[in-house]
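Welcome to this short tour. Please open your viewer, and we will go from one selection to the next.

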Amino acid sequence: MTEKRSDYRRQAEQAEKANRQEAADSAAFPAFKQDQDQKTLKAERLKKKLNFAILVVCLLIILVWVILLKF
């Protein structure tokens, strides 16, 4: 089903209200903003670790294939 213009506007208004509420929360509660910042930093670190782990696994798989195909 195709999304109607009114549906799009309703979703945009809800998103705007949520953004305003979040801004009000972070202005009223600085600790809330710090919590979000810490969660964001933690997520970024986890992404980097996951990407590194995936790279290591891929390299190990390639190494195993090379060893298997040489012998």
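Helices here are DSSP runs of H or I with at least four residues, strands are runs of E with at least two, and both are numbered from the N terminus. This is a predicted model, in which local features need pLDDT of at least 70 and side-chain atom pairs count only at pLDDT 80 or more, while totals for chains, interfaces and linings use all residues. Residues are numbered from 1 along each chain as its sequence is written, and side-chain values use heavy atoms, with hydrogens and water left out.

**The whole chain.** Start by colouring by secondary structure: the chain has 2 helices and 0 strands. Now show the surface. Of the 71 residues, 1% count as buried. Buried means under 20% relative accessible area, exposed means over 50%, and partly exposed is in between (1.4 Å probe, protein chains only).

**Helix H1.** Select residues 5–28 for helix H1. Which side chain meets Arg10 in a salt bridge? It is Asp7, at 3.1 Å from N to O. A salt bridge is a side-chain nitrogen of Lys or Arg within 4 Å of a carboxyl oxygen of Asp or Glu. Arg10 and Asp7 are about one helical turn apart, because 3 residues separate them in helix H1. Arg10 is partly exposed at 45% relative accessible area, and Asp7 is partly exposed at 24%.

Next, pick Glu16 and Arg20, another salt-bridged pair, whose closest N and O atoms are 3.0 Å apart. Both belong to helix H1, with a spacing of 4 residues, about one turn. Glu16 is partly exposed, at 44% relative accessibility.

**Helix H2.** Move to residues 30–70, helix H2. Show Glu44 and Lys47: their salt bridge has its closest N and O atoms 3.7 Å apart. Here the two residues sit 3 apart in helix H2, about one turn of the helix. Glu44 is partly exposed at 37%, as is Lys47 at 48%. A search of the whole structure finds 3 salt bridges.

**The nonpolar patch.** Finally, select Phe52, Leu55, Val56, Leu59, Leu60, Ile62, Leu63, Val66, Ile67 and Phe71, which make a nonpolar surface patch of about 1,000 Å². Patches are made of residues with over 30% relative accessible area and no salt bridge; like charges are joined within 9 Å, and nonpolar side chains (Val, Leu, Ile, Met, Phe, Trp, Tyr) within 5 Å. End on Ile67, which lies in helix H2 and is partly exposed, with a relative accessible area of 42%.

Terms used:
Accessible areas come from the Shrake-Rupley method with a 1.4 Å probe; for residues, only the protein chains shown count as cover.
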